[in-house]
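Good morning. I will go through one structure, residue by residue, and say what each term stands for as we reach it. Please have the sequence and the model open.

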Amino acid sequence: MFAIVEIAGLQYKVEQDQKLFVNRLKGDKGGKVSFDKVLLTVNGAITVGAPAVSGITVEAEILDHVKADKVIVFKKKRRKGYKVKNGHRQSLTQIQITGITGFEGAKKAEKPAKKTTKKADAEATESVE
């Protein structure tokens, strides 16, 4: 059983008890977070959301806030004497997936019904009579 979930703007394939690094999340170490934008689930049958599967949530625990390895950014323009060396370390959060819940009765997200106005309702009843 796995799910594809959107976390901080990026999509991840997650399973039970999986550890992964995501972009920095709000919350303290040891805190619980849940993600409800589940795009696809596989639990014997494949359920694809349009755009998200309703009723399914992914629960996770924050293990640690860390920084990624340094990435060196070096810029140079030849024959101009221009050289700039810069570095960047991305802030990450390590999470562990504690569960994927809500499979009982989970269905695709349906599009909301069109809102009708009183005028449109009146015209519809007049045309029927």
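Let me start with Arg79, which sits in the loop between β9 (71–77) and β10. Strands here are DSSP runs of E with at least two residues, helices are runs of H or I with at least four, and both are numbered from the N terminus. Before going on, note that this is a predicted model, in which local features need pLDDT of at least 70, side-chain atom pairs count only at pLDDT 80 or more, and totals for chains, interfaces and linings use all residues. Residues are numbered from 1 along each chain as its sequence is written, and side-chain values use heavy atoms, with hydrogens and water left out.

Back to Arg79. Its phi is near 65°, a positive value in a residue other than glycine. Most residues other than glycine have a negative phi, and most peptide bonds are trans. Arg79 is exposed, at a relative accessible area of 68%. The cut-offs are these: buried is under 20% relative accessible area, exposed is over 50%, and partly exposed is in between, with a 1.4 Å probe and protein chains only.

Ala8 also has a positive phi, about 55°, and is not a glycine. Ala8 belongs to the loop between β1 (2–7) and β2 (10–15), and with a relative accessible area of 45% it is partly exposed.

Where is the cis peptide bond? It runs from Ala50 to Pro51, with omega near 5°. Pro51 is found in the loop between β6 (45–48) and β7 (53–54).

Next, salt bridges, meaning a side-chain nitrogen of Lys or Arg within 4 Å of a carboxyl oxygen of Asp or Glu. How many does the structure hold? There are two.

One joins Lys37 and Glu6, with the closest N and O atoms 3.7 Å apart. Lys37 is in the loop between β4 (32–35) and β5 (38–43) and Glu6 is in strand β1, so the pair ties together parts 31 residues apart in sequence. Lys37 is partly exposed at 37% relative accessible area, and Glu6 is partly exposed at 26%.

Another joins Glu61 and Lys32, where the closest N and O atoms are 3.8 Å apart. This pair links distant parts of the chain, with Glu61 in strand β8 and Lys32 in strand β4, 29 residues apart. Glu61 is partly exposed, with a relative accessible area of 24%, whereas Lys32 is exposed at 61%.

Now to Ile62, which lies in strand β8 (residues 57–67). Is Ile62 buried or exposed? Ile62 is buried, with a relative accessible area of 2%. Contact means heavy atoms within 4.5 Å. Leaving out residues up to four places away in sequence, Ile62 touches several others, among them Lys26, Gly30, Val33, Thr93 and Ile95. Ile62 and Gly30 are 32 residues apart in sequence, yet 5.2 Å apart in space, C-alpha to C-alpha.

Last, the surface. Arg24, Lys67, Lys70, Lys85 and Arg89 gather there in a patch of positive charge. A patch takes residues with over 30% relative accessible area and no salt bridge, joining like charges within 9 Å and nonpolar side chains (Val, Leu, Ile, Met, Phe, Trp, Tyr) within 5 Å. Lys and Arg count as positive, Asp and Glu as negative, and His and the chain ends are not counted. The place of a charge is NZ of Lys, CZ of Arg, CG of Asp or CD of Glu. Accessible areas come from the Shrake-Rupley method with a 1.4 Å probe, and for residues only the protein chains shown count as cover.
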